[in-house]
Amino acid sequence: MATIKGNTVLGIFVDGLEVKLAHLSMKGKRVTVHDLRSATLVTKLEELKGIEVGAEMVAEGADAFSLPASTAQDVGVEGQSEDNNAVLLGLLAEYPVKKYSLAYSIAEPALYYHLLESDFGLKKGKLKERILEELRNVRSFQPAADALDSIRTDDGNVLCVVREDGLSLINSLENIKGFIGNRLPRMAGIDSADVSLMNMVRLNYHLQPQEVSVIVYVGVEFARLIFMRGDQFYQFAPIIGEGYDSPNLQNTIYSRLLLEQDNLGIARINRIVLAGESRRIGFKEFLVEQLPDQEIDYLLAPQLDSSPLPAEQQESISEYAVAIGTAWRVLDPSNPNTYKIDLLPDSVREGQRAFKLAWHGYLVLVLLFLSTLLFTMLITQKAKVIDERRDVLRLKETQIAENEALKNSIIGLKGQLARYQSSLALYDTLVPGSDRWSKVLTQVSHGVEDLNSIWLTSLGTTTSGDMTLNGFAVYRTRIPRISTLFDNSLLKEVNVQEIREQTVYKYTIEVPSSAPEQ
């Protein structure tokens, strides 16, 4: 398989049955030609298309429910189509389809030229609209906007290049795409063969403003003379409908050259550049005999790196000039020495794009990205809040479970306390006064809950039933406070003692058994 390097373009030109292919790549600002190939078709692409269209028209007039009858001509056309597909496949199968672009040039009658004497002070889109208006007035066939392009001539006129056909090659590529990766190569453009030749001269020759150069192209089916003044287009001579195999072609071209020189009033032709099949017929030697004082040579490309080519192919650059010029213009579109002609239909160009968006589409795309980013941030924040709330919820559930356990314990204790109270009430009924000490202890504990530095050591009764309280206090003033808890209580004695080197007051209080409780 052929090696594909860097930014790669395959340039193709179909002249009758002859197909020329040039494989070019660009690294930095250096353009390199890697391969030059040619092949011969079985039948013309345009002729094949015409037969197919005619068959479709016949089918439209036939019975919609009848089967078309096969004829020998149909079988022959189908076989020719398959053979043409095989030829194209043989040229392209060596190249990985995803790694190159393809451009090709077309010539008359697939296109035509129309000269306007002014650009009307317009540029780009507005100039194209005006050209379409002018063509509508002079021709019955109205071209589409994408089938039209233009260049400026040396005297400020506008040369319009209009495509009328030239899409047969794309249709043929469609037939073989299943064998080259199941996809079409990326179509980089459709150029004019004549403009491609002028680009080759402009890229490789140092042309002075007043010099007149003539490009002589000898093809398989036609010959063309292109006049240039300086590096600008000057004039096309009428196309010569004879190919290189015509026996009198050399004299015909020479006569046409002299005629056009006289018609244009050109005093001297400074340079004659030969391209196409000129070398096959030894046209340089013929012209040198006729015009010994003229600079005549086959087209040279010193600005093109041809070192990868074999020596014999390096000498045949002029034969592939159209295909090379087509690929070169695509590889280096910003080069000021090339005419920018592109007749590729918009439908093909747009079909190669992954997607197409207008300005509002890009705006929606940006808004979609921003909204996605915003919603992602909001979702992250909400998820964080939800996690925090879940943690709080789990803590609350744990606390509820603990409280439920505590509640059950309290309920159990309350039930036990109720049983104790019931038993105590029963016991008090059976033994009156049995709760005396409980009430005394309760009264004492409630009475001294805000009192400190005082304590009880003993609580008892005398033989007469009186209750005696013994204890100590750090401060004397605290003793009457505990005495007043009971009515008719009697502070019998207060003695001073030392306990651990601390002065305390020992007291004894007597409470009559009949003393009511406060």
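A salt bridge here is a side-chain nitrogen of Lys or Arg within 4 Å of a carboxyl oxygen of Asp or Glu. The views below come from a predicted model.

**View 1. The whole chain, for orientation.** The chain holds 13 helices and 18 strands. It has 518 residues, and 40% of them count as buried. Take the contacts between residues at least 6 apart in sequence: 65% of these join residues at least 24 apart. The salt-bridge count comes to 18.

**View 2. The D191–R329 salt bridge.** The side chains of D191 and R329 meet at 3.5 Å, N to O. That value falls within the 4 Å limit, so the pair counts as a salt bridge. The partners sit in distant parts of the chain, 138 residues apart. D191 belongs to strand β8 (residues 186–192), and R329 to helix α9. Are the two partners buried or exposed? D191 is buried, with a relative accessible area of 0%. R329 is buried as well, at 8%.

**View 3. Helix α5 against helix α9.** Helix α5 covers residues 193–204. Its axis and that of α9 are 8 Å apart, and the packing angle is about 75°. An angle of 65 to 115 degrees counts as roughly perpendicular, so α5 and α9 are roughly perpendicular to each other. On the α5 side, the contact is made by A193, S196, L197, N199, M200, L203 and N204. On the α9 side, the residues are A321, V322, I324, G325, T326, W328 and R329. By class, this contact has eight nonpolar, five polar and one charged residues.

**View 4. The largest nonpolar core.** This core has 77 residues. Which members touch the most others? They are L24, L92, Y104, M198, L304 and I324. Helix α9 (residues 321–331) gives the largest share, eight residues. A second core of 25 residues is separate, and includes V212, V214, L225 and L291. In soluble globular proteins, nonpolar side chains tend to be buried together.

**View 5. The surroundings of M198.** M198 is one of the core members that touch the most others. Its neighbours within four places in sequence are left aside here. Beyond them, M198 is in contact with I151, I215, I226, M228, F233, F236 and Y339.

**View 6. The E108–R224 salt bridge.** The closest N and O atoms of E108 and R224 are 2.1 Å apart. The pair links parts of the chain that are 116 residues apart. E108 lies in the loop between β4 (101–106) and β5 (111–116), whereas R224 lies in strand β10 (residues 223–229). E108 is partly exposed, with a relative accessible area of 26%. R224 is buried, at 3%.

**View 7. The contacts of R224.** Which residues does R224 touch, not counting those up to four places away in sequence? The list holds E108, Y113, D194, I215, V216, Y217, F236, A237, P238 and I239. Among them, I215 and F236 are also in contact with M198.

View 8. R349 forms a salt bridge with D342, and their closest N and O atoms are 3.1 Å apart. R349 counts as partly exposed, at 25% relative accessibility.

Definitions and conventions
Residues numbered from 1 in each chain as written. Predicted model: local features only at pLDDT ≥ 70, side-chain atom pairs only at ≥ 80, totals over all residues. Heavy atoms only, no water. Core = buried A, V, L, I, M, F, W, Y, C linked by side-chain atoms within 4.5 Å. Buried < 20%, exposed > 50% of the residue type's maximum accessible area, 1.4 Å probe, protein only. Helix = DSSP H or I, 4+ residues; strand = E, 2+ residues; numbered from the N terminus. Contact = heavy atoms within 4.5 Å. Axes fitted to C-alpha atoms, helices over the stretch in contact; angles between N-to-C directions. Parallel < 35°, antiparallel > 145°, perpendicular 65-115°, else oblique. Nonpolar A, V, L, I, M, F, W, Y, C, P; charged D, E, K, R; others polar.
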